[in-house]
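Trainee: Before we go through this model, could you set the terms with care and then let me ask about one part at a time?

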Amino acid sequence: MSYQQRTCIQRYQIYGLLKTGQNQANLAKVCNVHRSTIWRELQRNKGQRGYRPAQTPCIAIKRHYKHNPKITRADWAIVEV
């Protein structure tokens, strides 16, 4: 099985179900994914105001580039000169 990111529709579905008080097991059933997938989605993409689907792509991009920078600081120093 390969990794698949949650779609925008799935993220808003998760958000809506959370607002109605559904637990993570119910979210997983509705979204047809494993409970741990929901747990990871909520943990990775929550901000100071909780899980908000509009901010999740930004958080994911920051997380990705934090661990996998494409341009090093030394490269930026050369560019800025």
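Mentor: Buried means under 20% relative accessible area, and exposed means over 50%. Please keep in mind throughout that the model is predicted.

Trainee: What pattern does the protein chain follow when read along the sequence?

Mentor: The secondary structure of the protein chain comes to 5 helices and 2 strands. Of its 81 residues, 23% count as buried. Read from one end of the sequence to the other, the elements follow the pattern α-α-α-β-β-α-α.

Trainee: Which residue forms a salt bridge with Arg11?

Mentor: A salt bridge requires a side-chain nitrogen of Lys or Arg within 4 Å of a carboxyl oxygen of Asp or Glu, and by this rule the count comes to 1 salt bridge. Its closest N and O atoms are 3.1 Å apart, and the partner of Arg11 is Glu41.

Trainee: How many residues apart in sequence are the parts that this pair ties together?

Mentor: Arg11 lies in helix 1, residues 8–19, whereas Glu41 lies in helix 3, residues 35–44, so the pair ties together parts that are separated along the sequence. Both Arg11 and Glu41 are buried. The separation in sequence is 30 residues.

Trainee: At roughly what angle do the axes of helix 1 and helix 2 cross?

Mentor: Helix 2 covers residues 24–31, and its axis comes within 10 Å of the axis of helix 1. The crossing of helix 1 and helix 2 is right-handed. The angle between the two axes is roughly 145 degrees.

Trainee: How many nonpolar, polar and charged residues does the contact of helix 1 with helix 2 have?

Mentor: On the side of helix 1, the residues that meet helix 2 are Gln10, Gln13, Ile14, Leu17 and Leu18, while helix 2 contributes Leu27, Val30 and Cys31. By class, the contact of helix 1 with helix 2 has 6 nonpolar, 2 polar and no charged residues.

Trainee: What is the C-alpha to C-alpha distance between Leu27 and Ile14?

Mentor: Leu27 has its place in helix 2, and it counts as buried because its relative accessibility is 0%. Leaving aside neighbours within four places in sequence, Leu27 is in contact with Ile14, Leu17, Leu18, Gln22 and Ile38. Leu27 and Ile14 are 13 residues apart in sequence, and their C-alpha to C-alpha distance is 6.4 Å.

Trainee: Ile38 is also in contact with Ile14, so by what distance are the C-alpha atoms of Ile38 and Ile14 separated?

Mentor: Ile38 is found in helix 3 and is buried, with a relative accessible area of 1%. Beyond its neighbours within four places in sequence, Ile38 is in contact with Ile14, Gln24, Leu27, Ala28, Cys31 and Val33. Ile38 and Ile14 are 24 residues apart along the chain, and their C-alpha atoms are separated by 8.2 Å.

Trainee: Within what arc do the buried residues of helix 3 fall?

Mentor: The buried residues of helix 3 are Thr37, Ile38, Glu41 and Leu42. Seen down the axis of helix 3, these buried residues line one face of the helix, because they fall within an arc of 130 degrees.

Trainee: Where is Asn32 found, and does Asn32 count as buried or exposed?

Mentor: Phi of Asn32 is near 60 degrees, which is a positive value in a residue other than glycine. Asn32 is found in the loop between helix 2 and helix 3. Since its relative accessibility is 70%, Asn32 counts as exposed.

Technical notes:
Residues numbered from 1 in each chain as written. Predicted model: local features only at pLDDT ≥ 70, side-chain atom pairs only at ≥ 80, totals over all residues. Heavy atoms only, no water. Helix = DSSP H or I, 4+ residues; strand = E, 2+ residues; numbered from the N terminus. Buried < 20%, exposed > 50% of the residue type's maximum accessible area, 1.4 Å probe, protein only. Axes fitted to C-alpha atoms, helices over the stretch in contact; angles between N-to-C directions. Left-handed = near helix turned anticlockwise from the far one by under 90°. Contact = heavy atoms within 4.5 Å. Nonpolar A, V, L, I, M, F, W, Y, C, P; charged D, E, K, R; others polar. Arc of directions from axis to C-beta.
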